[in-house]
Amino acid sequence: MRAENERPVYMDHAATTPVRPEVFAAMVPYFSRFFGNPSSLYTFARESREAVEEARGRVAAAIGAEPAEIYFTAGGTESDNWAIKGASAAHRRGGGHIITSSVEHHAVLHTCQHLERQGFSVTYLPVDGYGRVDPGAVADAITDRTCLISVMSANNEIGTVQPVAELGKIAREHAIPFHTDAVQAIGSVPVDVDVMNVDLLSLSAHKFYGPKGIGALYIRNGTEIENLIHGGAQERKMRAGTENLPGIIGLGKAIELAAADIEGYTRRIGGMRDRLLAGILDAVPDVALNGHPEMRLANNLNISFRYVEGEAILLLLDAHGICVSTGSACSSGSGEMSHVLTAIGLAPEMARGAVRLTLGDANTDDDIDYVLDVLPRVIERLRSISPLAPPCGDREGT
Ligand SMILES: *Cc1c(COP(=O)(O)O)cnc(C)c1O
């Protein structure tokens, strides 16, 4: 048994990651010593201003962009909102039509639903059983009113990587702006805005060992977009509000480190992930891996355990100090199945038994051994007391 004060075995890196010590150290001076407002004109503020521009350069270099194409935001959600609302408004052609996928993050899906209420029409493309968008379907969905295409680079629930470069090529052939939510991709797969043919790209520092509440939107030179946040002249009058100075410094440092180590990270984390998967498949019957077997993020496992409920697995693992997340939205109280697992055609009983384990720098080989010791016993115990999980809505107090 693990001692209660032992650190948790954290396997939820798709939800957030710890700040790297080097990133934290880089941020510290900008809380106090160099606190100047980057917009102020005196010499003292120059250090702040220069640090912001240095960080902008680091973000640009990591994704193959120009510094002037990087705009700091408050994170992935704001970047997605800005890209979709801003580009749709600027490119609206006779009512406006948006193409996106049915497996996007809620930051994209709920923004599109909001625009539908404003009079836009939206095509939510289906995906195959692995969660991949068919580029042919994108081409077929384009109309002369299409003003934006938005498809994520990699899925946060099942880890499936999309054929973004192909999708971007189609968008470009039709002169339609193309946005990708690359929040999960940065640091895990190579991201280059020219290779991917994207005009708009969202990223968020806390998903790659940077601080929470800071992100960026890449806007290709010449892309028409309206402001989301109105106010002062910051970010070349495109995103008002005094800069999150320490956050920006942290983002710059974190993305520099993440982009420099994609290969090593993939090898290290992917090796642990593969051993974890093999161990689970070996020890537990009636399980299925969700998402694409190869075209997936190196750190992601999304596994359905038949006859049990993901939330019950989560709670029992939590009692053993293991942090994971579920594939159903039961825990959020909505009683609804994950839209991603539904979109890949998972039967409700398999979607209910889905658990997401996302590895990262916090994990060691010992962690894998520990989970491989605990998880099969947890599943066995749950199956022995509850061969068929009740539907989410039937339970109280969730
Ligand atoms: C986490 C996440 C977001 C939201 O980013 P925040 O910085 O937490 O607002 C958006 N899209 C994807 C794919 C994510 O994983």
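Biologist: Which residue does Asp274 meet in a salt bridge?

Modeller: A salt bridge puts a side-chain nitrogen of Lys or Arg within 4 Å of a carboxyl oxygen of Asp or Glu. For Asp274 the N to O distance is 2.9 Å. The partner is Arg273.

Biologist: What are the ground rules here?

Modeller: This is a predicted model, where local features need pLDDT of at least 70, side-chain atom pairs count only at pLDDT 80 or more, and totals for chains, interfaces and linings use all residues. Residues are numbered from 1 along each chain as its sequence is written, and side-chain values use heavy atoms, with hydrogens and water left out.

Biologist: Is Arg273 buried or exposed?

Modeller: Buried means under 20% relative accessible area, exposed over 50%, partly exposed in between (1.4 Å probe, protein chains only). Arg273 has a relative accessible area of 9%. So Arg273 is buried.

Biologist: How many residues apart in sequence are the parts that Arg268 and Asp361 tie together?

Modeller: The side chains of Arg268 and Asp361 meet in a salt bridge at 3.3 Å, N to O. Arg268 lies in helix α9 (residues 262-283), and Asp361 in the loop between β13 (354-358) and α13 (365-385). Helices (H or I, at least four residues) and strands (E, at least two) are DSSP runs, numbered from the N terminus. The pair therefore ties together parts separated in sequence by 93 residues.

Biologist: How many disulfides does the count come to?

Modeller: A disulfide needs a pair of cysteine sulfur atoms within 2.5 Å. The sulfur of Cys147 is 9.6 Å from the closest cysteine sulfur, in Cys112, so that gap is too far for a bond. The count of disulfides is 0.
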